[in-house]
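Welcome! Please take a moment with the sequence and the 3D view below, and then we will walk through some of the features together.

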Amino acid sequence: MVESSRIKIYVFYYKSDYILKTDQIYQPIMAGNALLSGNKTIHGDDSGENISAKNPYYSELTGIYWVWKNTSQDVTGSCHYRRYFTALPEPAFYKLKRILYYPLGIYKKRWGLIYTEKVDRFLHRILNREQLENLLLQYDGVLPQARKLRYTVETHYRRHHNINDLKILEDVLVDLYPEYLDAYHLILKGKRLYANNMFILKDINYQEFMNWWFNVIFEFENRIDLNNYTGYQKRIIGFIAERLLNVWFEKKQLNCVELPVIYFKRLKF
């Protein structure tokens, strides 16, 4: 069993907000701290080796990179200040709502997500140390329950972003990791997507994933002009990273468990 002191799940913030009192395995990090002022309560991602200033394009990836380069533990996880893994079943009330509203097209996109404003009611449902330790006795890692898309991953990207991004990404894989092309095409033609760049991995797999992930990400950045991305699309690297995460896990075929994600709409009691 992994010692609890050697497990850390990093919670990435983008602004000062309410910090939930969770299990001690959780560590809040301010992503993009190099571009902020006034943050004195959360450790930033702008010390040591970092890419904090790239946050408008990289989103939580600047925090994930900082964790990789500046921390060490046996198990490393990534989640968001409003999104947390849970090992408990979806509450019956939410399951009933999904069944009732599914024919109307409502909640389809929320598969695997438990949306709530009731922090006090769901706080105890956040994945804790004991639950995670037990899971890691059986699995190599943890992923969020895959989103079930109406369209293929490729079509979904085309509808919301510039489809040329995926061609550039394919070219990067051809040059750097051609052995991943089959996995890449399988992901694009499928309708399941692990979203939000969330994961928990044991160190041997974590180090391999980080090295591969950022090698591809940095080369992709080298081949595009970030100035061409504005507004919502500025988060281009974060979007590309999500698809790459899926490619890596498809290729490696690790024995991972998919857990639902609690999404807190507001962090107030």
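Which residues in α8 are buried? They are Leu181, Ala183, Tyr184, Ile187 and Leu188. Keep in mind that this is a predicted model.

- What do the buried residues of α8 pack against? Their partners are α6 (153-160), α7 (164-176) and α10.

**The nonpolar cores**

- In soluble globular proteins, nonpolar side chains tend to be buried together.
- The largest nonpolar core in this model has 56 residues.
- Phe199, Phe209, Trp212, Trp213, Phe214 and Ile236 have the most contacts inside this core.
- Helix α10 supplies the largest share of this core, with 10 residues.
- Another core lies apart from the largest one; it has 32 residues, including Leu113, Ile200, Val261 and Leu267.
- Which residues does phenylalanine 199 touch, if we skip those up to four places away in sequence? Among them are Ile64, Val142, Leu143, Tyr206, Phe209, Met210, Trp213 and Leu245.
- Phenylalanine 199 also touches Thr76, Gly77, Ser78 and Phe85.

**Cavities**

- Rolling a probe the size of a water molecule over the atoms shows where empty space is left.
- How many cavities of 30 Å³ or more does the structure hold? There are two.
- The largest cavity has a volume of about 70 Å³, and 11 residues line it.
- Leu113, Gln145, Arg147, Ala195 and Asn196 are the lining residues that lie nearest the centre of the largest cavity.
- Sorted by class, the lining of the largest cavity has seven nonpolar, three polar and one charged residues.
- The second largest cavity has a volume of about 40 Å³.
- Its lining is made up of Tyr10, Phe12, Ile64, Val67, Thr76, Gly77, Ser78, Phe199 and Tyr206.
- Three elements each give at least two residues to the lining of the second largest cavity: β1 (7-13), α2 (61-70) and β4 (75-80).
- Strand β4 contributes the most to that lining, with three residues.
- The lining of the second largest cavity has six nonpolar and three polar residues, and no charged ones.

**The second largest pocket**

- About 260 Å³ of space lies in the second largest pocket.
- The elements giving two or more residues to its lining are α8 (181-189), β9 (192-193), α10 (236-252) and β11 (256-259).
- Of the 15 residues that line this pocket, Ile187, Arg192, Tyr194, Asn246 and Glu250 lie nearest its centre.
- Which element gives the most to the lining of the second largest pocket? That is α10, with three residues.
- The lining of the second largest pocket includes eight nonpolar, three polar and four charged residues.

**Single residues to look up**

- Glycine 44 lies in strand β3 (residues 43-44).
- Is glycine 44 buried or exposed? Its relative accessibility is 8%, so glycine 44 counts as buried.
- Leaving aside neighbours within four places in sequence, glycine 44 is in contact with Ile29, Met30, Asn33 and Trp66.
- Asparagine 197 has a positive phi of about 55°, although it is not a glycine.
- You can find asparagine 197 in the loop between β9 and β10 (199-202), and it counts as buried because its relative accessibility is 1%.
- Glutamine 253 is a residue other than glycine with a positive phi, near 55°.
- Glutamine 253 lies in the loop between α10 and β11, and it counts as exposed because its relative accessibility is 56%.

How values were computed. Residues are numbered from 1 along each chain as its sequence is written. This is a predicted model: local features need pLDDT of at least 70, side-chain atom pairs count only at pLDDT 80 or more; totals for chains, interfaces and linings use all residues. Side-chain values use heavy atoms; hydrogens and water are left out. On a 1 Å grid over the protein atoms alone, a cavity is a set of points where a 1.4 Å probe fits but cannot get out, and a pocket is an open set with protein on both sides within 12 Å along at least five of seven lines; lining residues have an atom within 4 Å of a point. Grid points are joined across faces, edges and corners, and a volume is the space filled by probe spheres set on the points. Ala, Val, Leu, Ile, Met, Phe, Trp, Tyr, Cys and Pro count as nonpolar, Asp, Glu, Lys and Arg as charged, and the others, Gly among them, as polar. Helices (H or I, at least four residues) and strands (E, at least two) are DSSP runs, numbered from the N terminus. Buried means under 20% relative accessible area, exposed over 50%, partly exposed in between (1.4 Å probe, protein chains only). Contact means heavy atoms within 4.5 Å. A nonpolar core is a set of buried Ala, Val, Leu, Ile, Met, Phe, Trp, Tyr and Cys residues joined through side-chain atoms within 4.5 Å.
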